[in-house]
Amino acid sequence: MTDMRTAFIDTTTALLDEDPRTALVLADISASQFAAAGHRHPDRVLNVGIREQLMIGVAGGLALTGLRPIAHSYATFLVDRAYEQIKLDLDHQGVGAVLVSIGASYDGSAEGRTHQSPGDVALFDSLGDGWTVRVPGHPDEVAPLLRNAATSDDPVYLRLSEQRNAEAYPDATRLRVLRRGLTNAPLVVAVGPMLDPTLAATEGMDVTVAYTHTPRPLDTPGLRALANTDVVLVEPYLAGTSSALVSRALADVPHRLLALGVGQTDLRRYGDPADHARWHGLDADGLRRSISAFLGSVGG
Amino acid sequence: MTTTLPTTSSARLPGLIRRLTGDEKHAPSAHSTVDVLQVLYDRVLRVTPDTADDPERDRFLLSKGHGPAAYYAVLAAYGFIPDAWLDDLAGSESRLGHHPDRLLVPGVEIGSGSLGHGLGLAVGTALGLRAQGLLNPRVYVLLGDAELDEGSNHEAIAYAGATGLDSLTAVVVDNSSASHGWAGGIASRFTVNGWTADTVDGRNHEALYAALTGHRPRHPHLVVARIESKG
């Protein structure tokens, strides 16, 4: 079965063939997978070597000339390392790019902290409100999101992961209700690959579960329409990343918010991604414990 | 030889710079970049206010965004911005800040100020032009010798040299201000990576012109413009 990274490579290869505006900038990561595309389009498939600052600078320059650059690497190298280039070589120049990351929060569990980026989405929040952030939960969501991004000139971050849900929901730019609770049921919002553990965790609970692969811009009208008093966020990156947005969206409504996600501490442990999910309380059991405790504390 | 209009424009520079700085004591040469900018806009760059958005124009990217008085004065002298803008540098309503912003100032190709960003943007610009078959425009980027301390430059120097990006010219204005100097010279950092290089007197306009137009096929080109030490 195709994974998200392969879906990205296949779709980008097709875009390079179809649209002369598409350009790809790499810093060695995934370069071999684009070798054939590079032979066909040597001027638009650019591997700068292990130089992430340059990768974003080049993307900015390409965009200044009217091309639509796609830049790609592990999230920690693409976003964390090149943060100032994203801020200045793209945002401050008034140009956009499609940044496509792999690795996410702990796909690189065995690689350790150096290959993990739980803070990437928070970094985009620090840049202002211009970025669209896509966090697909299934490989089949990748192609439509990437194709959509390629047609615009806007800044778009596409965060790919090896964690995935069983089913794809390409139409989830807005909050999409997948399980509806009774009147005034608590709302649980699951982002990207957190959907399946969230559905498993809330099995049998009277809650509404809504899914999105687009946390930025967050569907605040949908949130206001679905939310009652209790709101739970389940995000696959730093816990609380979207708390401020939810608080702002519900500022005039009495509400309680539980924000679940990856913890801030470097665990200094290896293992596999499922271990990290468990350690961060993001497996079904951990989520169930946290959500039950939060909902059980109502009025207490 | 220069034409009448550019000569007129050049002649206006001292007054325009004084208008920006209010500094009657120092000659325009107090500004490290003024001679390079003057030669570029007078005789080298194929860009005018009318072609400032033309895909076929030459690009000039000021990477070293500090002390842009000479740059703003040149942009006014050559008609990209009104002279009156020079009277309110960094004021609350001014479009001219202590570092230039491309979204605020016509003719400015990049917003700069944080050091070490222009060369990477220049490499991307040169690549983007080439990918679209725009083979005539040349990309010039101006840096300072101390700016080369930033490691991001060396990512761009190595890559542009390795790929023979020959539509790119970097100009380093060298006033010996790098804290630890550049043992072995600035040009060697570039030439070892496949660039051609000319090191010239940064106050000599004929020498600057020759160097700024001295690029060769299949190699990016470097001009080191040496001027008096910052002191």
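I started with the pairing of E2(B) and strand E3 (residues 168-174) of chain B in this predicted model. Six bridges join the two strands, and they run parallel. I picked out one pair: B:Leu142 stands opposite B:Val171 in E3(B).

E2(B), H5(B) and E3(B) make a β-α-β unit, and I noted its hand as right-handed.

I then turned to strand E1 (residues 59-62) of chain B. Four bridges join E1 to E2(B), and this pair also runs parallel. Here B:Leu61 stands opposite B:Val141 in E2(B).

How many residues of strand E2 (residues 139-144) of chain B are buried? I found six of six, each under 20% relative accessible area. I sorted them by direction. B:Val139, B:Val141 and B:Leu143 point one way from E2(B). B:Tyr140, B:Leu142 and B:Gly144 point the other way. One of 30 Å³ or more turned up. The space in this largest cavity is about 50 Å³.

Which residues line the largest cavity? From chain A I listed A:Gln53, A:Leu54, A:Gln85 and A:Asp89. From chain B I listed B:Gly116, B:His117, B:Gly120, B:Ser152 and B:Ala156. By class, the lining has two nonpolar, six polar and one charged residues.

I also checked the helices behind this lining. Helix H3 (52-64) and helix H5 (83-92) of chain A each supply at least two residues, as does helix H5 (151-162) of chain B. I noted that H5(B) also belongs to the β-α-β unit with E2(B) and E3(B).

Key. Residues are numbered from 1 along each chain as its sequence is written. Chains are lettered from A and ligands numbered from 1 in the order in which they are written. This is a predicted model: local features need pLDDT of at least 70, side-chain atom pairs count only at pLDDT 80 or more; totals for chains, interfaces and linings use all residues. Side-chain values use heavy atoms; hydrogens and water are left out. On a 1 Å grid over the protein atoms alone, a cavity is a set of points where a 1.4 Å probe fits but cannot get out, and a pocket is an open set with protein on both sides within 12 Å along at least five of seven lines; lining residues have an atom within 4 Å of a point. Grid points are joined across faces, edges and corners, and a volume is the space filled by probe spheres set on the points. Ala, Val, Leu, Ile, Met, Phe, Trp, Tyr, Cys and Pro count as nonpolar, Asp, Glu, Lys and Arg as charged, and the others, Gly among them, as polar. Buried means under 20% relative accessible area, exposed over 50%, partly exposed in between (1.4 Å probe, protein chains only). Two strands pair if DSSP finds at least two bridges between them. A crossover is right-handed if, with the strands pointing away from the viewer, the path from the first strand over the helix to the second runs clockwise.
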